[in-house]
Amino acid sequence: MSTTPQAIPYTEAAVPKKRWLSRQNWERIVSVVILLPSILALGLFVYVFIGWTGFISLTAWNSAAPDFTFVGMQNYARLFIGSGTDAIRFRYDIRNEVGFLVLFVGGCIVIGFLLATLLDRKIRGEGIFRSIFLFPMAISFIVTGVAWRWILTPGDPNTGWIGVNLLFTNLGLDFLRNGWFTAPTVVYFHPETGVGQLLTNIGLGFLATPDFGYAVAMTSIVVAAGWQMSGYTMALYLAGIRSIPDDLREAARVDGASEWQIYRHVIIPLLRPVTLTVVVILAHIALKIFDLVYSMTGGVSAGFATDVPALNMWKTTFDATKFAQGASIAIILLLMVGVLIIPYLIWQTRSEEH
Amino acid sequence: MAAVVPTRHRFSFHWTRIVIYALLIFFALWFLMPVYVLLMASLKSQAEALQIQNMWLPPRIIGFKSFLTAWFGSNEPPATLGLEQGFWNSVSLVIPATILSTLIGSINGYILSKWKFRGADLIFTLMLFGMFLPYQSILIPLVVSYQTFTNWTGIQLFSTIPGLVVAHVIYGIPICTLIFRNYYAQLPTEMVEAARIDGANFFSIYRRILLPLSQPAFVVVLIWQFTSIWNDFLFGVTLANTPKVYPITVSLNNIAGSFHVPYNVQMAAALLTALPPLLVYVFLGRYFIRGLMAGSLKG
């Protein structure tokens, strides 16, 4: 605007206003027409398809042959009410998903932030370290799954321990051996234990069930997913730290703040928006996690110990051909992601305007 | 003060430096560990690979036979398929899908940054949701509409390379548009205004002014799309139902999921699958990371 102030009177004189406007209008139409195919395609492939999935989730289409008889919320009821296989499985899915999400997001933040602060200390070979921490992001979840399945294959005492269990055995750390992603163990407050009894006594007995526990097998998924995504978290934090002006830190240093205090009172508070971004992005990846579990476990697990909603949806729909049931899981998954992403998108577009 | 502090400072300086480097090296080894395991396994012969107690040790004799088996498959019963077909399937779907989605993203980004109409920001936000959407919530209609399309037109989309290309292009539009829009938005609008006053129209502004400046954005988007389409599994496993169409990730998953395939071959297959995006990462990592950061919107 300010760079060519002298040009304005010239153009106003030279170009008649009316023609200029009409040409602009015509070009506006052209621009919208060119954008239109993308708008229509995404409108159909995203929004109409979501509505369509929602419709299917209300029908009786639970075999290979399409059946659009309206059944109301029956498919949802089967997931949430009673103790049928679908309900048990879905409750376990949610349990696994919550455990995975918390540990994965938390782990990535701790490691990612630590790596970012380490790399921020004027490190020799910073570029090399950064490249090493970030390379897993370039790799398919399927490759990650295949590699970690091999590393975490438990083996057994008869045919020989494998992977990390083998390492533990060689190091004399036998007590650390475990079934990894094949472990059927679920940690929860058993009703017989003190806490379990307490929960039962105060009318919260439902908390003392495997529905509200942690499936140990999910730890393996956390490790593999964390291996892949913590470098990404580091990159986001490092970019955030680097965008904090040096003067701010210098000022704190002059005031006698220690490095720790600078982090505690200057850097971490300023990184709050980055942390919010990290949490939203990682949590939405955690909710959508599918490929990794599929390739690590082959999509099956004893007692659904590594089943998650995205995997359940796919298996229910395309293996068991229960399309309406699968659609209902898909809609719940969408709602979970939407609750996270929609406020985030609004926040991002709002903050862009300012 | 200046006389006292340096000695203490230097001492603690050294001590913390050692801890910092030790931690960094520890994490570097941790990140590289799976690569080590994959390499050690795949460089072993089958006989050596069978000695599982040595799985963490390097091979006594380095061989590349497992890579050949991973690539070509094995005719020894039970016969297993290799990666070869999947590799070429992925190549032939990644190239058109990457180019198409990048071009669409570029023109969309131009319009949404330099030709903002009323509601443009809303349209853009609605587009962006397509990037975070769990694809499970559109998969059933996608499969059904592919079949409906075939019934209407006779053109096969389900379980064909073009069908996969269509899905990748459409669901790739949001991220491509986002990167280009943000890139063009930071180019001064005065430049566009000035060109318009000089008589340039919608197309010539794009071709003569923005396009020559867009090279970095094109590299970022091309690399991003190449990597994410190459690494995709969900569309591949849902929209393809024959080895003739399986993308490489599905081929790899089948190889690794088979009990008949020895693990040195499985690991070789995993390395071969990871190789193209890794090469891109090694040579063009800077641009890959830029795409990565754009995926979180503003970061």
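**Close-up views of a predicted two-chain model**

**View 1. Where helix α9 of chain A meets helix α13 of chain B.** In this predicted model, A:Tyr232, A:Ala235 and A:Ala239 of α9(A) are in contact with B:Ile289, B:Leu292 and B:Met293 of α13(B). Sorted by class, this contact of α9(A) with α13(B) comprises six nonpolar residues, with no polar and no charged ones.

**View 2. Packing of helices α4 and α9 within chain A.** Helix α4 of chain A, residues 85-119, packs against α9(A) at an angle of about 40°, and the axes lie 6 Å apart. The pair α4(A) and α9(A) is therefore oblique, and the crossing of these two helices is right-handed. The contact of α4(A) with α9(A) draws on 19 nonpolar and seven polar residues, but on no charged residue.

**View 3. The contact between chain A and chain B.** Chain A contributes 84 residues to this contact, and chain B contributes 73 residues. On the side of chain A that touches chain B, helix α2 of chain A (residues 17-56) gives the most, with 18 residues. That side of chain A is made up of 60 nonpolar, 18 polar and six charged residues.

**View 4. The largest nonpolar core and the surroundings of B:Ile179.** The largest nonpolar core holds 186 residues, and those with the most contacts inside it are A:Ile221, A:Ile289, B:Ile179, B:Leu252, B:Ala269 and B:Ala270. When neighbours within four places in sequence are set aside, B:Ile179 is in contact with B:Gly105, B:Ala217, B:Val220, B:Val221, B:Gly291 and B:Ala294.

**View 5. B:Ile104, a buried residue of helix α4 in chain B.** B:Ile104 is placed in helix α4 of chain B, which covers residues 84-114. B:Ile104 counts as buried because 22 other C-beta atoms lie within 10 Å, where 20 or more are required. Apart from residues up to four places away in sequence, B:Ile104 touches A:Ser38, B:Ile173 and B:Cys176. Although B:Ile104 and B:Thr177 are 73 residues apart along the chain, their C-alpha atoms are separated by 7.5 Å.

**View 6. Two loop residues of chain A with positive phi.** A:Lys122, which is not a glycine, has a positive phi of about 50°, and its place is in the loop between α4 and α5 (126-134) of chain A. A:Lys122 counts as exposed because it has 8 C-beta neighbours inside 10 Å. A:Thr321, another residue other than glycine, has a positive phi near 45° and is found in the loop between α14 (309-319) and α15 (323-353) of chain A. With 14 C-beta neighbours inside 10 Å, A:Thr321 counts as partly exposed.

**View 7. A:Asn158 in a loop between two strands of chain A.** A:Asn158 lies in the loop that links β1 (155-156) and β2 (160-161) of chain A. With 5 other C-beta atoms within 10 Å, A:Asn158 is exposed. The C-alpha atom of A:Asn158 is separated by 34 Å from that of A:Ile289, a residue 131 places away along the chain; A:Ile289 is one of the residues with the most contacts inside the largest nonpolar core.

Definitions and conventions: Residues are numbered from 1 along each chain as its sequence is written. Chains are lettered from A and ligands numbered from 1 in the order in which they are written. This is a predicted model: local features need pLDDT of at least 70, side-chain atom pairs count only at pLDDT 80 or more; totals for chains, interfaces and linings use all residues. A nonpolar core is a set of buried Ala, Val, Leu, Ile, Met, Phe, Trp, Tyr and Cys residues joined through C-beta atoms within 7 Å. A residue is buried if 20 or more other C-beta atoms lie within 10 Å of its own, exposed if 12 or fewer, and partly exposed in between; C-beta atoms are placed from the backbone. Two residues are in contact if their C-beta atoms, placed from the backbone, lie within 7 Å. Helices (H or I, at least four residues) and strands (E, at least two) are DSSP runs, numbered from the N terminus. Ala, Val, Leu, Ile, Met, Phe, Trp, Tyr, Cys and Pro count as nonpolar, Asp, Glu, Lys and Arg as charged, and the others, Gly among them, as polar. Axes are lines fitted to C-alpha atoms, for helices over the stretch in contact, and angles run from 0 to 180 degrees between N-to-C directions. Angles under 35 degrees count as roughly parallel, over 145 as roughly antiparallel, 65 to 115 as roughly perpendicular and the rest as oblique. A crossing is left-handed if the near helix is turned anticlockwise from the far one by less than a right angle, and right-handed if clockwise.
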